[in-house]
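Me: I'd like to go through this structure with you, a piece at a time. Can we start with how some of the chains meet?

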Amino acid sequence: MELVIASAVGIMTAGGVYLVLRLRAFPVILGLALLSYAVNVFLFASGRLAVNAPPILSKYADVPYTDPLPQALVLTAIVISFGMTAVLVMIALGAFLEAGHDRIDMDEEAENGDAKA
Amino acid sequence: MLNRLFPHPLMTFTLTAVWLGLVNKVTPGNLLLGVILGIIVPIVTSVYWPNRPRLRRPLMVAEYGLVVLWDIIVANIQVAAIILFKRNADIHSRWINVPLDLTSPEAITALAGTITMTPGTVSTMLASDGRSILVHCLHTDDPDGVRDDIKTRYEARLKEIFQ
Amino acid sequence: MDLIVEILIAFFLVVSGVFGLVGSFGMIKLRDTLQRLHAPTKATTLGVGGVLIASMLYFLVIKGSFSFHELLITLFLFLTAPITANFIAKTFMQAHTRDEDLPPTGREYGWSLYDDPPNQTDY
Amino acid sequence: MNHWIIAPVILPALLAPVIAFVMRHDITLARAASFAGNAALAAIAVGLTVLAAGGETHVYRLGDWPAPFGIVLVLDRLSAILVLLTAVLGLLVLTHAAASGWDRRGRHFHALFQFQLMGICGAFLTGDAFNLFVFFEVLLIASYGLMIHGGGRVRLQAGLQYVVMNLAGSTLFLFALGTLYATTGTLNIADLAVRVREIPVEDAALVRVAAMLLMIVFAIKAALFPIQFWLPGTYANAPAPVAALFAVMTKVGAYAIIRIHTIVFGPDIAATAGLPGTWLFPAAAITMAVGAVGVMGARRLMPMLAFSIVGSMGTLMLAVAVFTPQATTAALYYLLHSTFAGAALFLLADLVVTRRGNDALTPQPATAQTGLYAAIFFAAAIGMAGMPPLSGFLGKLLVLDALRAPEHLVIGWSVILVGSLLTIVGLARAGSVLFWKPTAIAPPDDSAPAAPAGPLEIAPAMAAVGLMALLAAFAGPVTGFLDATSAQLFDREGYIAAVLTDPEG
Amino acid sequence: MIEAALFFAFGCYGLGLLFNLWRIVRGPDVADRILALDTMVINLIAILILYGILHGTAIYYEASMLVAMVGFVSTVAYCRFVLRGDIIE
Amino acid sequence: MGQSLLPIIALLPFLGALVPGLMIRAGRTACASFTAVPTILALVMLGILAPQVMQGEVIQAEIEWLPQLGLSVSFFLDGLGLMFAGMILGMGLLITLYARYYLSGDDPMGEFYTYLLLFQGAMLGIVISDNILLLLIFWELTSLTSFLLIGYWKHLPEGRQGARMALAVTGAGGLAMIGGMLILGDIAGSYNLTDILQQGEAIRASDWYIPALVLILIGAFAKSAQFPFHFWLPHAMAAPTPVSAYLHSATMVKAGVFLMARMWPVLAGTDAWFYIVATTGLITMVLGATIALFKDDLKALLAYSTVSHLGLLTMLLGFGTKLAAVVAVFHVLNHLTFKAALFMTAGIVDHEAHTRDIKRLGGLARLMPVTAALGIVTALSMAGIPLFNGFLSKEMMLEEAAHTVWAGSPYAVPVLATVGALLSVAYSFRFIAHVFLGPVRDDYPSKPHDPPFGMWAAPALLATLVVLIGIFPALIAGPLVAVAGGAVIGGDLPYYSLKIWHGFTPALFMSIIAVAGGLVLLALHRPLDRLWIAAPRPEAKVIFDGLVNGLTALSDRITKALHNGAISRYLAIFVTATLAMGYIAWTGGGLPAPTRPLLPVPIVVAVGWVLLAVATFAVVKMHRQRFQALVMIGIIGLMVSVGFVYLSAPDLALTQISVETVTIMLLLLALHFLPKETPCESSVARRARDGAIAVGAGVGVAALAYAFLLRDVSVISDFHLANSYTGGGGTNVVNVILVDFRGYDTYGEIIVLGIAGLTIFALMEALLNGPAARRLRNADYGRDRSRDRHPLLMVVATRAMMPIAVMVGIYIFLRGHNQPGGGFIAGLVISIALLMQYMASGFAWAQDRQKIEYHTMIGWGAVVAGLTGAGAWLFGKPFLTSAYGYIDLPLIEKFGLGSAFLFDLGVFLTVLGAVMLMLYSLSRIARFAGETVNVEPMDYDPSQRVEAAQTEGS
């Protein structure tokens, strides 16, 4: 199981990194989404793995609980990365609408051409 | 007065049931909370449901449900057999146009749902004026029979329920 | 009693498993998309139904607690499955089926995918 | 427990929604509220600084949970002075933004601004590693909003890059925190310090990776080589007042390294022995070089200033990398100074760029008040380049003095000194082109002269310069305070005891 | 006996998932992919409930309910995207 | 008294710098007069202190500034300081006077005087600093103020370039000197000059002596225009002549000489010192004099002569003998007098004749006799002709040179020194002959005549000094030279006497040779000049400009190459660097033995892994078909969520799946406007590189995860498990952590969401008001879209599901504290339900029926959460301290209610508001792009139509 999780994180990270290195905004967004999945699982795994031991206290039985803290952290992280992704999507859209293409690299024209106020 | 408190009695009932289902435990407290929510939630959401239809014969719903349930079981076996044992070349799929007598959107939806859930038929779309359903039949050599089946077995009952 | 229930539960589980598998098998076996549409929307629905019944029975008899929230899932699925099928069919047909391939409605308005609804043309 | 400690976070956090949702149609009201909030923040920050100056480490246990189980805020001299810095800078930038009308060029400027302050103050005050992440995100997302404030093609493209880079950074932050939690089982900085020092080096592979990853994360914010690339494009294309505010954002990265890599992964910790410093130093040296070369080569004003920020971060981090109390004093002094220097330059640049219509370093007809702008630019530039009499020179001397150890001396000194020279030459070229050459060009007849800037518009830039002057004039007392600050920072035991000792138990 | 049946069902649904995957990867049409994804969601719901039975706990239940709900929403969204472009016009 | 006067003297010019700005409106004369006041005051104070100093006392004053660094505002005044301070202030006064007449009415005089006083202050600071760090500050200040002064005529390109060149060279020197001074202070253990001066032995013996020496000398040479830094000085002549006279003859260029003199007791006396300083001085002297001879520009001639004389001074100090040092001091004084006067004379000529090209001048003696007299007297002094003070110090210099052995050769120095003197005679005579003598011309650009008295008063005074010192050296200059020389050598004075006739010494012969040779050279000037012009020689300005421009271009290239705007490359570097650093860190430590047993892998999990892996691969493989990639992402999200459920994290699963859905919605909404396909733009090699980086990252992360998954650690969350119910009132520990233990994190998190909503809204507004709006307006979505926008079936099903979904949301919200759920998930569930409604009936239709404003919802959420937290203050508890109780109503089971509930409500509201605001923003863009708004909830409602038809029919 541990190997499964570790390799899954690795695979998602690899896929995410590859996509993040693309030249268009959309694949980059996909890549970041993949990376955030990966990191969520990674962070979650830092509480170690347990099956059928949810951290919900049971009044009746003395059952094992998995580490709740990383779960809370991941929750926070999920929400934050959602907000970030939403903003990113919107900015990417804005950049596309303004520039007419969704290349993510700034070109020379963009570096020098625009008169800014 | 009662109407004011329970503007949507059927809805309230359904939602209370849903609440109990969610809580999965029937206690007085849950029941009370369920009823309260069952009253409040429809008030909040009713803006999205204008022109709510009236069920003329609520009890027919049960009968209809049982018929459909039975048909679903049969359908599953039939479809399973077709999938498993028929060669692809022998499967004869057909389009069927089912003209509708129903006009209530809710009834049409119920019918379309039923068609999809039952033997080898999927309702793919309505006519743009909502007076026909286009049904795709997985395997049949008698399209008209299928259409008549639908009309008698389901549409008639729904008509009774809604109109 | 317990044995009978156990057998019953096991029966439902097996049945649901079989139907679930058949549904998914249909997905790869059938040759065109509209046919494939039939396999999962039917078989899988019963498959899940079987599991849900098994679950209810199991909690009722083995665990001794009456559990009926499974019904809610059933309700959900029954409400949604036709809509999903409907949409997927249209998605496919928009690209692959033309108006002429379908039986005519017999009235002035055609099928909704291709024909504007009455009195609404401005889009 | 002193509730004022959390005020720098809560005040803007409550004010911002009100500004956003109640006053969003009334810019005057929003300005007033924003300014009042910021002024109150500054007052609170002064109070907290006075409080912290007593030398005690104040701990605020949120939710009344004992550390390390709940989240704690820690107010010591370091966090107090940085909160104060943020508040003061905020006042300058806010005044400028309101006076120049920048806040009207898009929606929600003031709300985002308050949120930005909240994020920065929160990051400075927290005593919890994961909470640091949360406030990093708060300040980042507010900065995204501010960065693209007003819109425009290039700004949005640059903003996109900024967001992507920082999202990648945030992801790495989480990887680092995951590793850290997995190896130590705790998140509280003091508790981390306790646990990390118990890890023998034979078992330390994971914690070392965590330390390194964290450093890289902070280095992104601090714009250190080889991850400084995002900064010039961002700062050069952000609205200038925002870029001025961002002058303190890079400092957040520096602060995090100073805090975490001193208390948790300090040079005397076996597990990570010297690891951070070893790699921080060359990175900082290259950063300084990159910044100086960038200033030297820049063909537009805004990138030039952005590169000067990169260079100043290099200088700052050179001192940080030494990880001794004395060097940290130097680093902190330079930190204060470079924040104001960067802010002054960007604020002035806004005045100039707005009137010129572009920021190209090509001669153009003179605009109104060229002489005044030239004077401010001159002062800010010598501050940034580290020429006397402003604080830059003292800061540079302090940093040089801190880099006396033989392993740092040659590289550190040559980089700083040569870098200063390039910066001076580059800024002199810019000033000459911007302010001297135009005197030789006749203004075109048909163009209406740009409106002169009002006193309120010029005041913030001048105030930033003035603050540099004050920093220089009172270098003795300031450095005295900073000496105590770094002593407190390096007093790991004191920090741990303050945080982990339950006041009731 | 129940356990054996459970594992049989697990096997069936597991295999089913692989079939779905095959269809998703193969396509050929977008509709096939969406269909397969939808089927996958339903199979997963079944698997979740099966795990509920296996572990004798109700915590899998909410998840399956939510999966059912969002599965529907996202399927519709995918289809609407293909059909209309704008999903909430 | 001295202690308090000294800082005031230092401060006066800086305070005085404010005067011109205040006085400029009072008129030019008033401005100049008042500018003179601080200088006069300072001079008076200096005069008060002078007697003490002349008696050998050293006056000291210290004010603490930055003790941590050893930097204090400490001054001391000894003979050397006194001499220089007197020179600076006295000259300053003369220049103030001169400039009043020199500057034209168009020049901003206030600015000039301000700069001048600032410069004066800086210069004064250098000579009386008792702290070498303070000295450095003044040193750099002179660079800066001279930059301003040289660039005073901003409209002249020569002025701007000259200013920047001076700043670059002297600034660079200053920076080197910073290094040198810091080393020096380190060796001496103090930055106090008086302390350092005591430790000459120790310093010279130190390992760091050579670096310190070299660095300090670079600074000094750069400032004093020594070869190879000499080139900036002539270009600084673009400054107004008063500036040249003040900075570039009398004061600033002497700063380097002053410093060498100041440091003489500490640094001099070693071979290194001798060879570096004396040789540089010698070369500079000869080189400067040679160039000066061939310069046609009066000021250039004087500038190079200054270079030459500075070389002479440097050489003298370099000799390292006490006598040579005293001679140097004497020559500083002499040079000041004649050179400043010469510059002023040249300025007068320029001012009157409107040219300073020697080739266009001549015969001025008749036209402007006073000026000519002044010029001739001072030029003769420069040539070293007896009766003028230049002769005295030159004789002494030659005397010293005559017995200096350079690298074993007794001739090198004397010969070259004679050559230098010879050249000096030549250019001095040329100055006299070609400017003042000869026939009167008729082609001057302007008819010259003597200026008003005010303008020639200053040079006249100096010329008087030249003559007086020349004739009565011992009387007039003797005491000052003695006390200043004594201060330089830091001990007893050697024997010397200041007089005209020393007998037949070698120096006399060398002098005679020099004068004779000089006259010969002048006679041969015309052919030599042609030769000079024809001869190829390096032009310093060209080289310097080339260097600077090359450096700028190179910097630009480096910067462009590094920061090429390609974020993809930045990210690649970032990932690679992270991997490398991570690996380095990893290898530095070991890993303990594994302590955890591996969990088994059931078949379904294995299948899930396959699904996830294949889906990831598919996303990467087909990311160009954006929509399909999005479908694949859906699978991954699903698998991750299911994985969370399986691994005992139901809350996570619920959150993950709902967030994922909303994210995909957002992406779909955005994708509607974006291109649907990604073009293939990267080369195979690039993809291979990215692939390698990606695999590296994947392996790294996997290894990290696997490493810790096998090992146990003690965690703090045992506390949370133990206290969740008793302290937090909830059994769902994750939720209790979220709203209680770490509620502060959650607070930050909802703020993030709120900001995200705001940002998106603000950006949407900006887009719709910007140029992007036009692009949107012209968007064409084709006519092949499905004709049913709001299908009946969907609408009806949604209507039925909506209340149920809301119930689910409420349920999840209410139970969150004890069972999986909570405000956040509930918020998402409700937003998904609303989303469903929007998809069914369109955003606008649904929005019309929605009464609550989303902005307000976010605001309320954030405020409620914040105030809930702050509510604890009322009870004296810290922010976010929770309180809860159990309410026991009859008939109903008791249930817990706590502040956490309110907090969670805030979370709920914020989440809902933020998500809906995001959707609203995107949907507004769509409507802006021309989507029409429907009035009916569904495309066509048959029942309504039938009824309508019926009512119509009946």
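Me: How many residues of chain C are in contact with chain B?

Reply: In this predicted model, 47 residues of chain C are in contact with 48 residues of chain B. The area buried between chain C and chain B is about 3,700 Å², and carbon and sulfur atoms give 69% of that area.

Me: OK, staying with chain B, how is it divided?

Reply: Chain B is divided into domain 1, covering residues 2-48, and domain 2, covering residues 60-162, and the C-alpha centres of these two domains lie 32 Å apart.

Me: Which parts does UniProt annotate as "transmembrane region"?

Reply: According to the UniProt record, which is an unreviewed entry, that annotation covers residues 6-23, 30-49 and 61-85 of chain B.

Me: What does the chain look like over 30-49 and 61-85, helix or strand?

Reply: Over residues 30-49 of chain B the chain is 80% helix and 0% strand, with its end C-alpha atoms 27 Å apart. Over residues 61-85 of chain B it is 100% helix and 0% strand, and there the end C-alpha atoms are 35 Å apart.

Me: Switching topic: how much area do chain F and chain D bury?

Reply: Chain F and chain D bury about 10,100 Å² between them, and 77% of this is on carbon and sulfur atoms. In chain F, the residues that lose the most area to chain D are F:F574, F:I716 and F:Y744, which together make up 8% of what that side buries. As for contacts, 110 residues of chain F are in contact with 123 residues of chain D.

Me: How many salt bridges there?

Reply: The rule finds 5 salt bridges across the interface of chain F and chain D. One of the salt bridges in the model joins D:R107 to F:E765, whose closest N and O atoms are 2.5 Å apart.

Me: Which helix gives the largest share of chain F's side?

Reply: That is helix α35 of chain F, residues 743-768, which gives 17 residues of the side that touches chain D. By class, that side of chain F has 68 nonpolar, 29 polar and 13 charged residues.

Key. Residues numbered from 1 in each chain as written. Chains lettered and ligands numbered in written order. Predicted model: local features only at pLDDT ≥ 70, side-chain atom pairs only at ≥ 80, totals over all residues. Heavy atoms only, no water. Contact = heavy atoms within 4.5 Å. Buried area = accessible area lost by both parts, 1.4 Å probe. Salt bridge = Lys/Arg side-chain N within 4 Å of Asp/Glu carboxyl O. Helix = DSSP H or I, 4+ residues; strand = E, 2+ residues; numbered from the N terminus. Nonpolar A, V, L, I, M, F, W, Y, C, P; charged D, E, K, R; others polar. Domains from an automatic or database assignment. UniProt positions renumbered as here; feature names shortened; annotations may be inferred.
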